[in-house]
Amino acid sequence: MTQVTSGLPELTLETCHHCGELVPVGAFCGNCGAHLAEPGAGARRRLHAYAAAPHEPVLRPLLISTLFPHLPHRHTHLFRDMLLGGIVLVAILCAVRVFAAATVAAAVLLPILYLLYLFEVEVYEREPLLVVLTTFVAGAALGVGFALVTQHFAVATLHPRPDTVLVQGVLFPVIAQLLMLAGPLLLLGRPRFDETLDGLTFGAASALGFTMAAIVAGSWHTLTAPLVGSGVAIDDALRLLQRAVFGAAVNAGSTAVITSALWLRRSGRRRGWHGAIWRELPVLVGLAFAVQILLGILSQVITDQLGVVVAWGIGAGVMLVALRVVVHHALLDEGAEHEIGQPSACAECHRLVPTMLFCPACGAARSAAPKRALIAGGTSATSPSGATG
Ligand SMILES: [Zn+2]
Ligand SMILES: [Zn+2]
């Protein structure tokens, strides 16, 4: 261990046995993010501490911390409560058979949370916010077009036929996935938005805009019908839950898993410590399209609405976990030169720690912090070799 005093408050350093660098003593390595308290390969991958939200494990299908990675821990429960409140509201509107209001409330639920999140974390101020909103609006415009065109060709059959399964279960999901990717791809290669989490944000924004618009445009006959409808309320509630929550999560997950991997590949800042064939772009593109097609086919062949909801719920869980695994390893892999910066408060755990790629106390990736924390942390840094003299 080494004592460092020049320019910084007294800092005790130790050599990380994963990356070999001199780093401040703590639970996590500030340079490579490995868990220092335990030895072995598992500590390097630290699957018990998600890099964007270290209080949560990686392999868990959690919607808020996956799609809203910049959100600090103390705000997670607020967004989760708003999501649950929205679902309850939709259920109540279905129960009293106000289907038009229920449809609109369900369609805008996740998009509104997403826009609140973007304003809350201030990651995309002014012009960049415009870029995110443009991705969202472009996704929404394509969603309207998709819903109107597919509605024209869609055939409602009581029993699945091979031709309708092929068109509605395979062709439509593939076209939808390609359209959700179109907006974000226009932003690929922009030097200001070249981090993995930028790719995730653009992909999720486009997919949520697309899903919202497709639900509203696809339900236009319901929205313009008399205010209070008739029929089986529980089936309508299940259909809305499937499309607006699970469907939106599947779309955001499948689109963001592709854009995150694409952005990581383009950034050129990979350190090569966390590469794996099955997390490479071609495999993830295959996974995203396979899940979309499988769910498309199941929606055609399963005649029970509850069965369709369960299928989409499982699909959403799979895509969210896949996205978490990809982003977790990307955050651990993505990094510039090893630096130990001035002390600043960690946005996640609030402890005063040296500014590094990862918080030495809680292990949160600094690139997943909200904007205000990034500014407060500053970018000036002292190299450890200079500090130790
Ligand atoms: Zn390390
Ligand atoms: Zn921390």
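Two residues are in contact here if their C-beta atoms, placed from the backbone, lie within 7 Å. The model is predicted.

Q: Which residues does glycine 30 touch, not counting residues up to four places away in sequence?
A: Glycine 30 lies in the loop between strand S3 (22-24) and helix H1 (41-45). Under the 7 Å cut-off, the list runs to Val23, Pro24, Ile340, Pro354, Met356, Leu357, Phe358 and Pro360.

Q: Is glycine 30 buried or exposed?
A: The cut-off for a buried residue is 20 or more other C-beta atoms within 10 Å. Glycine 30 has 28. Glycine 30 is therefore buried.

Q: What separates the C-alpha atoms of glycine 30 and proline 360?
A: Along the chain, the two residues are 330 residues apart. Pro360 is also one of the residues that glycine 30 touches. The C-alpha separation is 4.9 Å.

Q: How many helices and strands are there in the protein?
A: The protein has 389 residues, and buried residues make up 48% of them. Of the contacts with a separation of 6 or more, 71% are between residues 24 or more positions apart. The count of elements is 13 helices and seven strands.

Q: Are H7 and H9 roughly parallel or roughly antiparallel to each other?
A: Helix H7 covers residues 196-218 and helix H9 residues 233-267. Their axes are 7 Å apart, at an angle of about 150 degrees. Angles over 145 degrees count as roughly antiparallel. H7 and H9 are therefore roughly antiparallel.

Q: What is the handedness of the crossing of H7 and H9, left-handed or right-handed?
A: H7 packs on H9 at about 150 degrees. The crossing is right-handed.

Q: How many nonpolar, polar and charged residues are in the contact of H7 with H9?
A: This contact is sorted by residue class. The tally is 15 nonpolar, 10 polar and two charged residues.

Q: How many of the residues of H7 are buried?
A: H7 has 23 residues, which at 1.5 Å a residue should span 33 Å. Its end C-alpha atoms are 33 Å apart, in agreement. H7 is largely enclosed by the rest of the structure, because the number of buried residues is 22 of the 23.

Q: Why is H10 roughly antiparallel to H11?
A: Helix H10 (residues 281-301) and helix H11 (residues 305-333) pack with their axes 10 Å apart. Their angle is about 175 degrees. That makes H10 roughly antiparallel to H11, because the cut-off is over 145 degrees.

Q: How many charged residues are in the contact of H10 with H11?
A: From H10, the contact includes Leu284, Leu287 and Val291. From H11, Val308, Ala311 and Trp312 are among them. The residues divide into 12 nonpolar and two polar, with no charged.

Q: Which phi does arginine 46 have, positive or negative?
A: Arginine 46 sits in the loop between H1 and helix H2 (63-67). Arginine 46 is buried, with 23 other C-beta atoms within 10 Å. Although this residue is not a glycine, its phi is positive, about 35 degrees.

Q: Is arginine 97 buried or partly exposed?
A: Arginine 97 has a positive phi of about 65 degrees. Its place is in the loop between helix H3 (73-95) and helix H4 (99-121). With 15 other C-beta atoms within 10 Å, arginine 97 is partly exposed.

Q: What separates the C-alpha atoms of alanine 95 and alanine 233?
A: Alanine 95 is in helix H3. With 13 C-beta neighbours inside 10 Å, alanine 95 counts as partly exposed. Alanine 233 is 138 residues apart from alanine 95 along the chain, yet their C-alpha separation is 5.9 Å.

Key. Residues numbered from 1 in each chain as written. Chains lettered and ligands numbered in written order. Predicted model: local features only at pLDDT ≥ 70, side-chain atom pairs only at ≥ 80, totals over all residues. Axes fitted to C-alpha atoms, helices over the stretch in contact; angles between N-to-C directions. Helix = DSSP H or I, 4+ residues; strand = E, 2+ residues; numbered from the N terminus. Parallel < 35°, antiparallel > 145°, perpendicular 65-115°, else oblique. Left-handed = near helix turned anticlockwise from the far one by under 90°. Nonpolar A, V, L, I, M, F, W, Y, C, P; charged D, E, K, R; others polar. Buried ≥ 20, exposed ≤ 12 C-beta atoms within 10 Å, placed from the backbone. Expected span 1.5 Å × (residues − 1).
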